[in-house]
Amino acid sequence: MSALLKKIRTVMDKISVVLELILSAILIVVTVMAIIFLKTPLLEYIANASDSQALLAFITYVINILIVIELFKMLCIPGTDTVLEVMTFVIVRHMIVQETTAVENLLTVIAVVLIILVRKFVLEEKKPKFRLRDKDREDEET
């Protein structure tokens, strides 16, 4: 029975990898198309540069493209760091694009600070604290 379950899990893992690749390919195509079509929102912003809503619409479009790019990175390079990057973009997009109250802005800032703290103190522990320069390494070896 356990051999059958292992085979099923292996097949499911392979299927999930293929589905992720398909989604990644779709995201690439959609992102390239969105970047190509960025010309229209840019021209609309230039035509209505004095209107603050035109700038907000352009920024919304660009941030959405950035979120898709970060999502693509998350699919290609899964890890805590890329997930935190996507979360940061989504949170910042919420604060910039939408009309928010002072309390929502405060919560957004707190969320970004928490993400920065997690990156600094949780993810940095996995990395070496310092890195010796090549010259220092040569001195140690002699």
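## Salt bridges and a ring pair

Lys73 and Glu70 sit about one helical turn apart, because they are three residues apart in helix H3 (helices are DSSP runs of H or I, at least four residues, numbered from the N terminus). Heads-up: this is a predicted model, where local features need pLDDT of at least 70, side-chain atom pairs count only at pLDDT 80 or more, and totals for chains, interfaces and linings use all residues. Residues are numbered from 1 along each chain as its sequence is written, and side-chain values use heavy atoms, with hydrogens and water left out.

User: Is Glu85 buried or exposed?

Analyst: Buried means under 20% relative accessible area, exposed over 50%, partly exposed in between (1.4 Å probe, protein chains only). Glu85 has a relative accessible area of 18%, so call Glu85 buried.

User: Which residue in helix H5 pairs with Glu85 of helix H4?

Analyst: Look for a side chain that meets Glu85 in a salt bridge at 3.3 Å, N to O. The pair ties together parts 34 residues apart in sequence, so the partner in helix H5 is Arg119.

User: How are the rings of Tyr45 and Phe58 arranged?

Analyst: Rings of Phe, Tyr and Trp (its six-membered ring) pair if their centres lie within 6.5 Å; planes under 30 degrees apart count as stacked, over 60 as edge-to-face and the rest as tilted. With centres 6.1 Å apart and planes at 20 degrees, Tyr45 and Phe58 are stacked.

Methods:
Helix = DSSP H or I, 4+ residues; strand = E, 2+ residues; numbered from the N terminus. Salt bridge = Lys/Arg side-chain N within 4 Å of Asp/Glu carboxyl O.
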